[in-house]
Amino acid sequence: MCIGVFLSIILFIYSSTYIWNYYSSNDILWYIPTKVETEKDIYPSQAGNSIGDILSPIIGLLASVLTFLAFYIQKIANDEIKAQFKVQQFENQFYEMVRLHKENVNEIEIKTKSGITLKGRSVFFEMKEELEVLLRLNEINENEINEKVFKEVYVKFFWGVKKTKKYIQESLKSKDTRTKKTINKEMSDLKISPLKGYHSFLGHYYRHLFHIVKFISNSSIEESEKMKYLRVLRAQLSNYEQIMLFYNWLSEYGEDWENDSNNFFTRYKMIHNLWYDNLPEYNFFREKLNELQDRYRKNHPENKDNLFEIDDI
């Protein structure tokens, strides 16, 4: 709008100066005879035609410029309306997906050993406890696992094991008496029966959560806006959901959360609130968390903060 006003003023000054100079130099402004006495004299109608012929291009040019400005301003307004409509469409779809995510969480149900039904987010704590007991059952050395062991254990945790007792007994054979007693006690302390499998709802839960993050990442909105919506999504995840999300990434099923093509952990801080103190003290976990931390600092050298809420892992 300011540009249009400025151009209009410039054109008006130019046109006025041009007309004044032209008519003054040709004695048109002040010399308009009432009758023709010599060949040099002109009729008033001829003076009017001369003025009209001179002004027509200027007025036409001015009208064209103003018309262009009007269309340009209208285009800007239409673009703003389209942008607002796209944002509104995006927000509607995003919040609908968040609503479905919350429904997915609320629909998770599992029965305890005592017959009580656990629902929603409380299930993630029990799943975390079971997975970590299974890891201790399969430690290669005391307080030590590796990537291969973790992935094998997660597969059994995810799909379940038909002959649970046999699997546990065979896994305990190589353990000393103290370790056997410790693991058996931890197994008995679990509220839910181990190795029943959680694929029926975990698969859907993680696919939908991944789809939401990818939807935001692939959208055309600005990066700062993406972070705003992703903070809203991250706020829906409990601390134990973030721990289980970390475990899912370490398994063979969740590698797409953070790899060479996707960097949802280090770009969007999806596990920013991860409770490291609630993880078993395995070097394997420490190494993976430090890898994420280093990758975040490498890709975001301008940021002085950390990927996680803790300074040192």
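**Aromatic pairs in a predicted model**

Me: Are W249 and F265 buried or exposed?
Reply: In this predicted model, W249 and F265 are both buried, where buried means under 20% relative accessible area, with a 1.4 Å probe and protein chains only. Residues are numbered from 1 along each chain as its sequence is written, and side-chain values use heavy atoms, without hydrogens or water. Local features need pLDDT of at least 70 and side-chain atom pairs count only at pLDDT 80 or more, whereas totals for chains, interfaces and linings use all residues.

Me: How many aromatic pairs are there?
Reply: The count is 32 aromatic pairs, taking rings of Phe, Tyr and Trp (its six-membered ring) whose centres lie within 6.5 Å, with planes under 30 degrees apart called stacked, over 60 edge-to-face and the rest tilted.

Me: Why is the Y247 and F285 pair tilted?
Reply: The ring centres of Y247 and F285 lie 5.4 Å apart with the planes at 35°, so the pair is tilted.

Me: Which helices hold them?
Reply: Y247 belongs to helix α9 (residues 239-250) and F285 to helix α11 (residues 283-299), so the pair ties together parts 38 residues apart in sequence; helices are DSSP runs of H or I with at least four residues, numbered from the N terminus. Y247 counts as buried at 0% relative accessibility, and F285 counts as buried at 0% too.

Me: What about the rings of W249 and F265?
Reply: Their centres are 5.6 Å apart and their planes at 70°, so the pair of W249 and F265 is edge-to-face. This pair links W249 in helix α9 with F265 in helix α10 (residues 264-268), 16 residues apart.

Technical notes: Helices (H or I, at least four residues) and strands (E, at least two) are DSSP runs, numbered from the N terminus. Buried means under 20% relative accessible area, exposed over 50%, partly exposed in between (1.4 Å probe, protein chains only).
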